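Dear colleague,

Here is the structure I promised to pass on. My notes follow below it.

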Amino acid sequence: MKKIVAIAMSVLLSVGVLAACGASEDAGLKDGSYTAEAQGHNDVIKLTVTVADGVISDVTVDEHAETDGIYGDAETAVIESVKGKTTADGADTASGATVSSEALIEAINKAVEQAK
């Protein structure tokens, strides 16, 4: 009987340790501002990602050479869709501005990697 209790306690302890490890991965990002860049359609897009309370709270594009009439939709779609998240994966994109949208997503994810 004592062996069964000891085994059961070991299993419960192991599950608790594994659950705690998984929880730390989901705990969020380190608060702060992180800069990154990625190649857009015309040139490099440079941005700053602000993390607050463990999630993306803002993204500011510091520099770009994209076509304004097309790029603006990509910037708005991507940035608004990543706020409150811990990654840009699955972010909204703009039709007709695929390369710019993908560059924004790539740069945001590069910045987020610094916050892990």
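This is a predicted model: local features need pLDDT of at least 70, side-chain atom pairs count only at pLDDT 80 or more; totals for chains, interfaces and linings use all residues.

Sheet. Three strands form an open sheet in the order S1-S2-S3, and their pairing is antiparallel. The edges are taken by S1 (32-39) and S3 (55-63); each has a single partner strand, so one side of each lacks a neighbour in the sheet. On average, neighbouring strands are turned by 25° against each other, direction ignored. S2 (residues 44-52) is joined to S3 by 7 bridges.

Helices. H2 (residues 68-82) lies across S2 and S3 and runs at about 160° to S3. H3 (residues 98-114) lies across S1, S2 and S3, at about 140° to S1.

Salt bridges. The structure holds 4 of them. In one, Asp 58 pairs with Lys 83, with 3.8 Å between the closest N and O atoms. Asp 58 belongs to strand S3 and Lys 83 to the loop between H2 and H3, so this pair ties together parts 25 residues apart in sequence. Both ends are partly exposed: Asp 58 has a relative accessible area of 30%, and Lys 83 has 32%.

Another salt bridge joins Lys 116 to Glu 113, the closest N and O atoms being 2.9 Å apart. Here Lys 116 is exposed, at 58% relative accessible area, whereas Glu 113 is partly exposed, at 49%.

Regards

Terms used: Residues are numbered from 1 along each chain as its sequence is written. Side-chain values use heavy atoms; hydrogens and water are left out. Two strands pair if DSSP finds at least two bridges between them. Helices (H or I, at least four residues) and strands (E, at least two) are DSSP runs, numbered from the N terminus. Axes are lines fitted to C-alpha atoms, for helices over the stretch in contact, and angles run from 0 to 180 degrees between N-to-C directions. Contact means heavy atoms within 4.5 Å. A salt bridge is a side-chain nitrogen of Lys or Arg within 4 Å of a carboxyl oxygen of Asp or Glu. Buried means under 20% relative accessible area, exposed over 50%, partly exposed in between (1.4 Å probe, protein chains only).
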